[in-house]
Amino acid sequence: MRMTLFLLLAAALAALTGCQTTTTVNGQPVPRDVNEADPVKRAQIRLQLAATYYAQRQYPIAIEETQRALQANPNSAAAHAMLGLIYMDLNDRTNAEASFGRALRIEPDDPEINNNYGWFLCRTGRQKSAIEHFDRAAANKLYATPSLALQNAGTCLLQERDFKGAESYLRRSFEIDAGNPVVKFQLARLYLATRQNDRASFYFGLVERDVGQTAEVAWLGLRLMRAQGDLRGERQYAEILRSRFPNSPEAALLRRGAFDE
């Protein structure tokens with residue numbers, strides 16, 4: 001799962017001219033070659049293109065478009081943050097750190113940037129600093145998705161087996177957005193890890209109802225059945241993994257018998 005979300009400014013597409021090649025943003029063709037007098041607007045369009053290529057994992061083009069956005073508007077915090085996301089996905093820690101740092105120097109209170117930088121810090125083993133940025137994002141009253149920052153904070157602490165802290169953040173996220181299947185999945189994982197099987201079963205049932213069978217869901221279900229001593233249920237989920245998701249990392253864990261990983 002790609003746990004980070006990056007909300008970009010929408011660009012007006014109807015007035016664009018001078019295009020040679022196009023990509024698609026929200027179902028609409030967007031030119032890669034843009035003649036736009038307003039540099040801020042031109043940067044927004046470039047950044048929207050970069051976000052599209054980033055979502056498609058076409059990282060070289062995403063970097064190119066983001067750099068063009070910065071040529072038009074060097075003070076675009078969103079563009080620097082986009083580079084941070086791209087370099088994070090490329091495991092280029094040095095450039096990701098530098099890009100997020102530039103973004104936060106320009107917009108230190110931006111909740112999206114703080115959330116994404118928090119996830120980068122979590123991925124690079126700096127959980128305490130990550131939580132500070134998740135808290136800053138969630139506390140911003142203009143942030144449209146505070147539940148996401150709380151979810152990421154809980155997931156980060158769960159990775160560190162700080163179960164008490166993880167539960168606090170995940171339950172707060174659930175209270176804000178009870179329809180989010182990721183939060184339910186993480187709560188099920190947390191309660192399974194802390195041997196609270198009834199609570200784990202409750203949240204697992206919600207996840208399974210919401211998203212159906214995926215390799216991740218089947219593996220969690222198998223481990224839950226195993227913890228409950230339900231051999232029949234364990235075999236059912238094992239068969240789902242073998243037959244429907246044989247090449248998944250979860251199926252590989254099953255073959256190794258690595259039930260605690």
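Visitor: What should I know about the model before reading its features?

Guide: The model is predicted, so local features need pLDDT of at least 70 and side-chain atom pairs count only at pLDDT 80 or more, whereas totals for chains, interfaces and linings use all residues. Residues are numbered from 1 along each chain as its sequence is written, and side-chain values use heavy atoms, with hydrogens and water left out.

Visitor: How is a pair of aromatic rings described?

Guide: A pair of aromatic rings is described by the distance of the centres and the angle of the planes. Here rings of Phe, Tyr and Trp (its six-membered ring) pair if their centres lie within 6.5 Å, and planes under 30 degrees apart count as stacked, over 60 as edge-to-face and the rest as tilted. By this rule the count comes to nine aromatic pairs. In one of them, the rings of phenylalanine 100 and tyrosine 117 have centres 5.5 Å apart and planes at 50°, so the pair is tilted.

Visitor: Where in the chain do phenylalanine 100 and tyrosine 117 lie, and are they buried or exposed?

Guide: Helices are DSSP runs (H or I, at least four residues), numbered from the N terminus. This pair links distant parts of the chain, with phenylalanine 100 in helix H4 (residues 93–106) and tyrosine 117 in helix H5 (residues 111–123), 17 residues apart. Buried means under 20% relative accessible area, exposed over 50% and partly exposed in between, with a 1.4 Å probe and protein chains only. Phenylalanine 100, at 0%, therefore counts as buried, and tyrosine 117, at 10%, is buried as well.

Visitor: Which geometry do phenylalanine 202 and tyrosine 203 show?

Guide: Their ring centres are 5.0 Å apart and their planes stand at 80°, so this pair is edge-to-face. Phenylalanine 202 is partly exposed at 48% relative accessibility, while tyrosine 203 is buried at 6%.

Visitor: Which charge lies over a ring?

Guide: A charge sits over a ring if NZ of Lys or CZ of Arg is within 6 Å of the ring centre and within 35 degrees of the ring normal. Arginine 226 lies over the face of phenylalanine 259, at 3.8 Å from the ring centre.

Technical notes
Helix = DSSP H or I, 4+ residues; strand = E, 2+ residues; numbered from the N terminus.
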